[in-house]
Amino acid sequence: MSYRTWFGATLLPLLLAACATATPPDMRPSARLQLHLSPAALGQSISLQQHLTVERAGRTDQLDTALEIDADHLDLVGLAFGQRVMSLHYDGRQLQVWRHPMLPSQVQGEDVLQDVQLTLWPADAIRQALPEGWELRESNGQRTLLLRDETIAVIDYPDHKAWGGKVILENLRYRYKLTIQSVVTSD
């Protein structure tokens, strides 16, 4: 099997499932938040290794990431089968994205950044940045993101912490479930 065939057959479906921005079947307006919080709004520096499990359309795939955030920047590297497939660098103003040439155009760095910020940043920082019509509710280890009273995403924290444990993000509008298992590599 050639590299391109292997890559297309095993990795591309995973990446499509993880962050696809395909039009929902019901043709509702986009529910992408375009959240761009400053790295400093996290309130601390973290370094994580993460194992992601993505479920979509009856398929389950896995991806590993290394994530570093401090007051000045966010850096994320996505790896599949030990090969870098995407890198993000965000300084609070500009998002720079490197993508593997075989990475589908549907996988957008802004969507990855949004999911990272929705799961890790303090709820108050997110609420302050929400555009009109959006709402974030938080209670008992769960966050719910709503657009005009429609639930867009639900984020569960079974370990009651945003990192160093398990986080489950279920995007109801775009129909994917992302389970993140994080290990803190430094404080």
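## Salt bridges

Glu-135 and Arg-137 form a salt bridge in which the closest N and O atoms are 2.9 Å apart; the term stands for a side-chain nitrogen of Lys or Arg within 4 Å of a carboxyl oxygen of Asp or Glu. The model is a predicted one, in which local features need pLDDT of at least 70, side-chain atom pairs count only at pLDDT 80 or more, and totals for chains, interfaces and linings use all residues. Residues are numbered from 1 along each chain as its sequence is written, and side-chain values use heavy atoms, with hydrogens and water left out.

Glu-135 counts as partly exposed because its relative accessibility is 31%, and Arg-137 is likewise partly exposed, at 42%. Here buried means under 20% relative accessible area, exposed means over 50%, and partly exposed lies in between (1.4 Å probe, protein chains only). The whole structure holds five salt bridges. Another of them joins the side chains of Arg-143 and Glu-138, at 3.0 Å from N to O. In this pair Arg-143 is buried, with a relative accessible area of 5%, while Glu-138 is partly exposed at 43%.

Glu-150 and Arg-173 also meet through their side chains in a salt bridge, at 2.8 Å from N to O. Glu-150 belongs to strand 8 (residues 150-156) and Arg-173 to the loop between strand 9 and strand 10 (176-186), so this pair ties together parts that are 23 residues apart in sequence. Arg-173 is buried, with a relative accessible area of 4%, whereas Glu-150 is partly exposed at 24%.

## Chain and elements

The protein chain contains four helices and ten strands. Both kinds of element are DSSP runs numbered from the N terminus: helices are H or I runs of at least four residues, and strands are E runs of at least two. From the N terminus the order is α-α-β-β-β-β-β-α-α-β-β-β-β-β.

Of the 187 residues in the protein chain, 46% are buried. The accessible surface of the chain is about 9300 Å², and carbon and sulfur atoms account for 48% of that area. Accessible areas come from the Shrake-Rupley method with a 1.4 Å probe, and for residues only the protein chains shown count as cover. Among contacts between residues at least 6 apart in sequence, 49% join residues at least 24 apart; a contact means heavy atoms within 4.5 Å.

## Nonpolar core

The largest nonpolar core has 45 residues, and the members touching the most others are Leu-67, Ile-69, Leu-74, Leu-120, Trp-121, Ile-126 and Leu-145. Helix 3 (residues 109-120) supplies the largest share of this core, five residues. A nonpolar core is a set of buried Ala, Val, Leu, Ile, Met, Phe, Trp, Tyr and Cys residues joined through side-chain atoms within 4.5 Å.

With neighbours within four places in sequence left aside, the contacts of Leu-74 include Pro-39, Leu-67, Ile-69, Leu-88, Tyr-90, Leu-113, Val-116 and Trp-121.

Gln-114 is located in helix 3 and is buried, with a relative accessible area of 3%. Beyond residues up to four places away in sequence, Gln-114 touches Arg-32, Leu-33, Gln-34 and Leu-35.

Thr-119 also has its place in helix 3 and counts as buried at 4% relative accessibility. Its side chain reaches the backbone oxygen of Val-116 at 3.0 Å, and a polar atom of the Thr-119 side chain lies 3.1 Å from the backbone oxygen of Asp-115. When neighbours within four places in sequence are set aside, Thr-119 is in contact with residues including Arg-143, Ile-155, Leu-169 and Ile-180.

## Asn-171 in strand 9

Asn-171 is part of strand 9 (residues 166-171) and counts as buried, at 4% relative accessibility. The side chain of Asn-171 reaches the backbone nitrogen of Arg-173 at 3.1 Å, and one of its polar atoms is 2.8 Å from the backbone nitrogen of Tyr-174.

Apart from neighbours within four places in sequence, Asn-171 is in contact with Arg-32, Ile-152, Ala-153 and Tyr-176. Ile-155 lies 16 residues away along the chain, with 8.5 Å between its C-alpha atom and that of Asn-171.

Strand 4 (residues 83-90) and strand 5 (residues 95-99) run antiparallel and are joined by five bridges; two strands pair if DSSP finds at least two bridges between them. Leu-88 has Val-97 of strand 5 as its bridge partner. The hairpin has four residues between its strands, and Gly-92 takes a positive phi near 95° there.

Notes. Polar contact = N/O pair within 3.5 Å; in protein donor to acceptor, adjacent residues only side chain to side chain.
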